[in-house]
Amino acid sequence: MDLLFCLRDILSDFRHLFNQQNFALFQAFIFGFIANSNRGTLTDLYQSSGSQTQYWSFPKFLSRGQWSADAVAGVLIRRIQRDFRAWVYVYDETQALKTGKSQWGLHFFRNFSYQKGRVNQSKFHYGHEFGALGLLCQTARDVLLFPVWVKLIAPETIRDKSGAVLKRICSKIPPGLIIFDRGFTRRKVFTMALSFGHHILCRAKSNTVFYRLAKHPKRP
């Protein structure tokens, strides 16, 4: 594994998050992600990793392994911030719509193309929704975007609702500037992000109204 040998310095930052067996599987996963050129299925990653373990160890590592994805994301963020001086956070929520015939997913999404072009479509889509955090870093010649954190939003649980996922991410990352789109122009989001020491850059909605602060009267 020549490529894995070159990544030894980077992966050593994550060593304290795994035991010996899980760390070897973690290294194999990273190597498989980089070396794989196919669809990126678990079988493709295993075949590209060159791991000497059995295939079943890969799904076992993801389902029952004793490690924290949040802790891995936290170390990854600090590692990138250490290598790049100019960076900002970018947060958004994205949807994965179903494409099969059976019901699939945790969400109903409104179909805005309903009854357009006389096509038989449903009013809603099934699918999943994710909250994703990225690090937008600037170099001398280019701008790079690193996807560092993804959370599945589950509306039926309090811990994994949209606002709870964003709050959990903001509470575990170093303070910085977070860029949102206009869908997050809500006082609750601003108050929560500012309480953790972050700064906010957000596009305002077209119907947003701004008010000047009232001046205190000279006499009560």
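Let's start in the middle of this predicted model: its largest nonpolar core has 22 residues, and Ile-77, Tyr-91, Leu-133, Trp-149 and Leu-166 make the most contacts inside it. Helix 7 gives the largest share, 4 residues.

Zoom in on Ile-77 and you'll find it touching Tyr-89, Leu-133, Leu-135, Val-148, Trp-149, Ile-173 and Pro-174, leaving aside residues up to four places away in sequence. Apart from this core sits another one, of 16 residues, with Phe-14, Phe-29, Phe-58 and Val-75 among them.

Now for a helix pair. Helix 3 (residues 20-35) packs against helix 4 (residues 42-49) at about 100°, the axes being 7 Å apart. Angles of 65 to 115 degrees count as roughly perpendicular, so that is how helix 3 runs relative to helix 4. On the helix 3 side, the contact uses Ala-28, Phe-29, Phe-31, Gly-32, Phe-33 and Ala-35; helix 4 answers with Leu-42, Leu-45, Ser-48 and Ser-49. By type, the residues of this contact split into 7 nonpolar, 3 polar and no charged.

| Part | Mean pLDDT |
|---|---|
| Whole chain | 82 |

Of the chain's residues, 84% reach a pLDDT of 70 or more.

Notes: Residues numbered from 1 in each chain as written. Predicted model: local features only at pLDDT ≥ 70, side-chain atom pairs only at ≥ 80, totals over all residues. Heavy atoms only, no water. Core = buried A, V, L, I, M, F, W, Y, C linked by side-chain atoms within 4.5 Å. Buried < 20%, exposed > 50% of the residue type's maximum accessible area, 1.4 Å probe, protein only. Helix = DSSP H or I, 4+ residues; strand = E, 2+ residues; numbered from the N terminus. Contact = heavy atoms within 4.5 Å. Axes fitted to C-alpha atoms, helices over the stretch in contact; angles between N-to-C directions. Parallel < 35°, antiparallel > 145°, perpendicular 65-115°, else oblique. Nonpolar A, V, L, I, M, F, W, Y, C, P; charged D, E, K, R; others polar. pLDDT = per-residue confidence, 0-100.
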